[in-house]
Amino acid sequence: MRSYRSYVIMLFAVVVCPFHLATGQQKELPKEKKKEPVSPLIRPQPLRDEKSTEKQTDQRKILDEIQNGISKGDAALFSRHFGSQVYISLKGSEGGYYSANQALYVLQNFFSSHRPISFAFSTHGEADETPFATGRGHLNARGVRESVQVYVSLTQHNGRWVVAEFNVY
């Protein structure tokens, strides 16, 4: 009896299974999703929270206003963003700390003798505590074209972003 049972099982395995596979009547097994290999050097980036994104948007708007003001040679377009003390250093003069009103006067005086031809920020550093921007431009200083580098940094004072430093090299 045992040999008959072995014979039937073997016959089934040899004759019926290949026929069943060849006719396509087998059930397909669910395919496993391929998992992408994870490199140990690549770490998932944390999602930015809304406050961080909102801060960066505020910072970018202020820096855009400053860029527009520099391009037009009009410090009044961004003077509302001056803090109570602003460090200003201009090409050809000493730097120092100025009140918001003094800073506006100093920059208006600078732009009256150094008319912007072109200017654009090329780098934005959107750090949480001290965002900054740098850019290159060309000024017309008494009929002579000058290339300048501008650096502006912001800081938070009483819950709002203000200009902390304004340098023209």
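Predicted model: local features only at pLDDT ≥ 70, side-chain atom pairs only at ≥ 80, totals over all residues.
Which residues is Y151 in contact with, leaving aside its neighbours within four places in sequence?

1. **Y151.** The contacts of Y151, leaving aside neighbours within four places in sequence, are F132, A133, T134, E165, F166, N167 and Y169. Y151 lies in strand β5. Its relative accessibility is 23%, so Y151 counts as partly exposed; the cut-off for buried is under 20%. T123 is 28 residues from Y151 in sequence. In space the two are 9.6 Å apart, C-alpha to C-alpha.

2. **The sheet.** Six strands make up an open sheet. Their order is β2-β1-β6-β5-β4-β3, and the pairing is mixed. At the edges stand β2 (96-98) and β3 (114-125). Each has a single partner strand, so one side of each is left without a neighbour in the sheet. From one strand to the next, the twist averages 25°.

3. **β3 with β4.** These two strands run antiparallel, and ten bridges join them. Strand β4 covers residues 132-141. H114 stands opposite A141 in β4. P116 has L139 as its bridge partner in β4. A120 stands opposite R136, again in β4. The two strands form a hairpin, with six residues between them.

4. **β4 with β5.** Strand β5 covers residues 144-157. Ten bridges join β4 to β5, and the two run antiparallel. One of the pairs is H138 with S147, its bridge partner in β5. This hairpin has two residues between its strands. R142 sits in the turn and has a positive phi of about 55°.

5. Is S89 buried or exposed? S89 is buried, because its relative accessible area is 15% and the cut-off is under 20%. The residue is found in strand β1, which spans residues 82-89. Not counting residues up to four places away in sequence, S89 touches G95, F166, N167 and V168. F166 and N167 are also among the contacts of Y151.

6. **Helix α3 on the sheet.** Helix α3 (residues 100-113) packs on the sheet. The strands touched by α3 are β1, β2, β3, β4 and β6 (160-168). The direction of α3 makes about 40° with that of β1. The helix has 14 residues. From first C-alpha to last, α3 reaches 21 Å, close to the 20 Å expected at 1.5 Å a residue.

7. Which residues of α3 are buried? They are A103, V106, L107, F110, F111 and S113. These residues cover an arc of only 165° around the axis, which puts them on the same side of α3. The background is simple: an α-helix has 3.6 residues a turn, so residues three or four places apart point the same way. The face turned away from the buried side carries the exposed residues N101, Y105 and S112.

8. **Salt bridges.** How many salt bridges does the structure hold? There are two. In general, side chains of opposite charge can pair when their charged atoms come close. The next two points take the pairs in turn.

9. **E126 with R60.** E126 forms a salt bridge with R60. The closest N and O atoms are 2.9 Å apart. This pair links distant parts of the chain, 66 residues apart. E126 is in the loop between β3 and β4, whereas R60 is in helix α2 (residues 50-72). E126 counts as partly exposed, because its relative accessibility is 27%. R60 is partly exposed too, at a relative accessible area of 33%.

10. **R80 with E65.** R80 forms a salt bridge with E65, and here the closest N and O atoms are 2.9 Å apart. R80 lies in the loop between α2 and β1, and E65 in helix α2, so the pair ties together parts that are 15 residues apart in sequence. R80 is exposed, because its relative accessible area is 55% and the cut-off for exposed is over 50%. E65 is partly exposed, at 24%.

Terms used
Residues numbered from 1 in each chain as written. Heavy atoms only, no water. Helix = DSSP H or I, 4+ residues; strand = E, 2+ residues; numbered from the N terminus. Buried < 20%, exposed > 50% of the residue type's maximum accessible area, 1.4 Å probe, protein only. Contact = heavy atoms within 4.5 Å. Pairing = 2+ DSSP bridges. Axes fitted to C-alpha atoms, helices over the stretch in contact; angles between N-to-C directions. Expected span 1.5 Å × (residues − 1). Arc of directions from axis to C-beta. Salt bridge = Lys/Arg side-chain N within 4 Å of Asp/Glu carboxyl O.
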